[in-house]
Amino acid sequence: MKQYLILLQEEANMWTKLLLKLEGWWDAIILRLPNLAVAILVMVIFYFIARAVSSVMRKIFRKYYTNQSVRRIITKVIFAIILFIGFFIALGVMDLDKALTSLLAGAGVVALAIGLALQGTLSNTFSGIMLSFLPKIKIGDYIETDSHGGFVHEISLRNLVLRRPDNHFVIMPNSKFIEEPFVNFSLAPRSRITVKCGIAYGTNLRKVEELVRQAIGDHFEQRPGERIEFYYLEFADSSINFMTRFWTDFIKKSQMYQAQHEAILLINDIFAENDINIPFPIRTLDVSDRMERLFDNKSGDPQKD
């Protein structure tokens, strides 16, 4: 009986201590309510300050930076920095300096754990920052990789989005894109077009070269330092093949195709006007006499079918 009374007394003491602890916490909360309200107000004020500063910086950067992705990255970083400043000030208002010290001390361990767990995500993030500041690529450029091609629609901290000519979107991880070679058609305002064709044997080759050079030169203006090139390539099975190259304006694939289309029409028209033949492959079948008689017999006796 005595042991039972001791247990009851210990249990009562435990509940008393718990109630005293809760009362202390409640008193601390009541005493800190003004500080909590001020801390919340500080966070709200800094949120609107961050939005206002980001908006102003975005307008300023629009005048000095043509790369849209760089503007986005910088404004997001500025927004985050101002929010962090407001968060630390709010902790100071609530007299949580010790908690802030512990938080900063544990940030290194947490950052290491997060870095090990999210290696792929962090790789994409840093790749996105690199792409945003890379002067060789910006929003609206037409680029081609080994497997995809399209206009750069968006560069985020994780993905690069390409809008293909068929209006479908390709979402590529930044780390994968930055490790692969790519062609940016939008870097140079003018590029060289290549058109290949073949002419029949017996054609006046010098006349063909003269006609092609004149037709291309009349239609596509060549600037200083540029010229029309014409080369015969090979004696093929049924034709003599040649290649012509010339410069024109294009910063996307559709303009290249249009220039090739116009050049092919020009060459075909000039060849038709001058009776120059563009041959097609011909195959001759040598049939033995026995097979020929067999075909003749079968074609002359329909009842055998």
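**Overview: the whole protein chain.** Residues 24 or more positions apart account for 62% of the contacts in the protein chain that have a separation of 6 or more, where contact means heavy atoms within 4.5 Å. This is a predicted model, in which local features need pLDDT of at least 70 and side-chain atom pairs count only at pLDDT 80 or more, while totals for chains, interfaces and linings use all residues. Residues are numbered from 1 along each chain as its sequence is written, and side-chain values use heavy atoms, with hydrogens and water left out. The protein chain holds eight helices and eight strands; these are DSSP runs numbered from the N terminus, with helices being H or I of at least four residues and strands being E of at least two. Of the 305 residues in the chain, 27% are buried. Here buried means under 20% relative accessible area, exposed means over 50%, and partly exposed lies in between (1.4 Å probe, protein chains only). The accessible surface comes to about 21300 Å², and 61% of that belongs to carbon and sulfur atoms. Such areas come from the Shrake-Rupley method with a 1.4 Å probe, and for residues only the protein chains shown count as cover.

**Close-up of a sheet: five strands sit in the order 4-3-2-1-5.** This sheet is open, and its pairing is antiparallel. Its edge strands are strand 4 (169–173) and strand 5 (183–184), each of which pairs on one side only. Two strands pair if DSSP finds at least two bridges between them. Strands of a sheet pair through backbone hydrogen bonds, either parallel or antiparallel. Now follow the strands one by one. Strand 1 (residues 142–144) pairs with strand 2 over three bridges, and Ile 143 has Gly 150 in strand 2 as its bridge partner. Four residues lie between strand 1 and strand 2 in their hairpin. Another hairpin, through three residues, joins strand 2 to strand 3. Four bridges connect strand 2 and strand 3, with Ile 155 partnered by Leu 160 in strand 3. Strand 3 (residues 159–163) is in turn joined to strand 4 by five bridges, and Leu 160 stands opposite Met 172 there. Strand 2 (residues 149–155) is largely enclosed by the rest of the structure, because five of its seven residues are buried.

**Close-up of the largest nonpolar core: 25 residues come together.** The residues with the most contacts inside this core are Val 208, Val 212, Phe 242, Phe 246 and Phe 271. Strand 6 (190–199), helix 6 (205–219), strand 8 (240–249) and helix 7 (253–273) each give two or more residues to it. Helix 7 supplies the largest share, six residues. A nonpolar core is a set of buried Ala, Val, Leu, Ile, Met, Phe, Trp, Tyr and Cys residues joined through side-chain atoms within 4.5 Å. Look at Val 212: leaving out residues up to four places away in sequence, Val 212 touches Phe 230, Phe 242, Thr 244, Ile 267 and Phe 271. Another core, of nine residues, lies apart from this one and includes Ile 137, Ile 155, Leu 162 and Met 172.

**Close-up of the charged partners: Arg 190 meets both Glu 226 and Asp 249.** The whole structure has ten salt bridges, each a side-chain nitrogen of Lys or Arg within 4 Å of a carboxyl oxygen of Asp or Glu. Between Arg 190 and Glu 226 the N to O distance is 2.7 Å. Arg 190 lies in strand 6 and Glu 226 in the loop between helix 6 and strand 7 (229–235), so this pair ties together parts 36 residues apart in sequence. With a relative accessible area of 11%, Arg 190 is buried, and Glu 226 counts as buried at 18%. For Arg 190 and Asp 249, the closest N and O atoms are 2.9 Å apart. That pair links strand 6 with strand 8, 59 residues apart. Asp 249 counts as partly exposed, at 42% relative accessibility.

**Close-up of another salt bridge: Glu 229 and Arg 245 meet through their side chains.** Their N to O distance is 2.7 Å. The pair links Glu 229 in strand 7 to Arg 245 in strand 8, 16 residues apart. Glu 229 is buried, at 6% relative accessible area, whereas Arg 245 is partly exposed, at 23%.
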